[in-house]
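Here is a short briefing on one protein chain.

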Amino acid sequence: MTKLTWLRKNLFSSWYNSLLTVVCLLVLFWMVWGLLNWAITQAQWTVIWVNLRLFLVGRFPQTLYWRVWIVVAIASTFSAITVSVFFGKQQLTKPLVVGYALISGFLLVILPWDLTSRLWLLLIAVLLLAGFWLGSRFDQIIAPWLSLAWLLSFPVILWLLGGGFGLQAVSTNLWNGLLLTLLMASVSIVLSFPIGVLLALGRTSYLPVVRWFCIFYIEIVRGLPLIGILFLAQVMLPLFLPTELRLDRLLRGVAGLVLFSAAYMAENLRGGLQAIPRGQVEAAKALGLNTPLVVILIILPQALRAVIPAIVGQFIGLFKDTSLLSLVGLVELTGISRSILAQPQFLGRYAEVYLFIGLIYWIFCYLMSLASRRLERQLNISQ
């Protein structure tokens, strides 16, 4: 079917469909033209360029930016290797290499940064290319160790950001902006996933005590708003801990996000567990496998594959929910935006600031959605 035939069949099949198509095109043109006219002639994008560092790293000490650049280099390299290992066979590596090269060149030209920052950005672009090459060339060797490498990178990243053990300490109060958003989202996703798996398995357990405890926890948490849980974590969590143990405000924020997300994750996974035929479990036990091996080798792989869209949707929701942390004193991306809007020279620049942070949120959420679709396609092909 040619494009002209498709247009005639779907958009201009009758006089009222043709009229509706023309009206929709005119409305769309009017909206796009108004947005472009505002963005080019009226918007004051100076608020973004002047405060770009605040958006990205907040009040992190400028003399210690090299530590943030190393963290970005580590995360970017591992991300490139991961993408290349899992999706390189689907001809995904080459478009990503070209895309990253173009984006890096574009950022090197337009960003108002000094020479040191530009050199760091160039180094990260080189590391990305090297990561893609390593992942596609040695995927069979790297794949078994990739999860362990990511797991070991977290303590290194936290050490670089927080200091200690020979590095100057940096208070978590100075971890702001996009840096804090990505850190909180990553840690919360990593911690909430295994807890959600345990809760889902517990809710389907034959032990009444375990099953009713998991049901009670899941239903209570799902009946409370996230902002309420975050306030409870900030105010009440220290009351249940020994006096000498004082949790940092950032850790209390992570605890609130993890407790909230784990309950929804458990329900998503429970749907996958219920989709597994009972006969597979009975067949595995007939072969002599005990219950833990049946769960790990038979049930969980199929259940997780069945609910990949729901899991990624939960991850995307959790990433966006980090914006609520600004209400409990954590200055993440939304919180730092409110601070920037309080500057006298940028009063009233709400549209520019919120469009910019909205674009950042959309980019990361879309990347997670894209990875989810690619993973689903790969798993379907491998069946």
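Is Arg203 buried or exposed? Arg203 is buried, at a relative accessible area of 16% (buried is under 20%, exposed over 50%, partly exposed in between; 1.4 Å probe, protein chains only). This is a predicted model: local features need pLDDT of at least 70, side-chain atom pairs count only at pLDDT 80 or more, and totals for chains, interfaces and linings use all residues. Residues are numbered from 1 along each chain as its sequence is written, and side-chain values use heavy atoms, without hydrogens and water.

**Salt bridges**
- The count is six salt bridges (a side-chain nitrogen of Lys or Arg within 4 Å of a carboxyl oxygen of Asp or Glu).
- Glu219 pairs with Arg203 in a salt bridge, closest N and O atoms 3.2 Å apart.
- Glu219 lies in helix 10 and Arg203 in helix 9 (residues 177–203), so the pair ties together parts 16 residues apart in sequence (helices are DSSP runs of H or I, at least four residues, numbered from the N terminus).
- Glu219 is partly exposed, at 37%.
- Glu267 forms a salt bridge with Arg222, at 3.3 Å between the closest N and O atoms.
- That pair links helix 12 (Glu267) to helix 10 (Arg222), 45 residues apart.
- Glu267 is buried at 16% relative accessibility; Arg222 is partly exposed at 34%.
- Shared partners join Arg203, Glu219, Arg222, Glu267 and Arg270 into one salt-bridge network.

**Helix 11**
- Its buried residues are Leu226, Ile229, Leu230, Ala233 and Gln234.
- Seen down the axis of helix 11, they fall within an arc of 135 degrees, so they line one face (the arc uses directions from the helix axis to the C-beta atoms).

Technical notes:
Helices (H or I, at least four residues) and strands (E, at least two) are DSSP runs, numbered from the N terminus.
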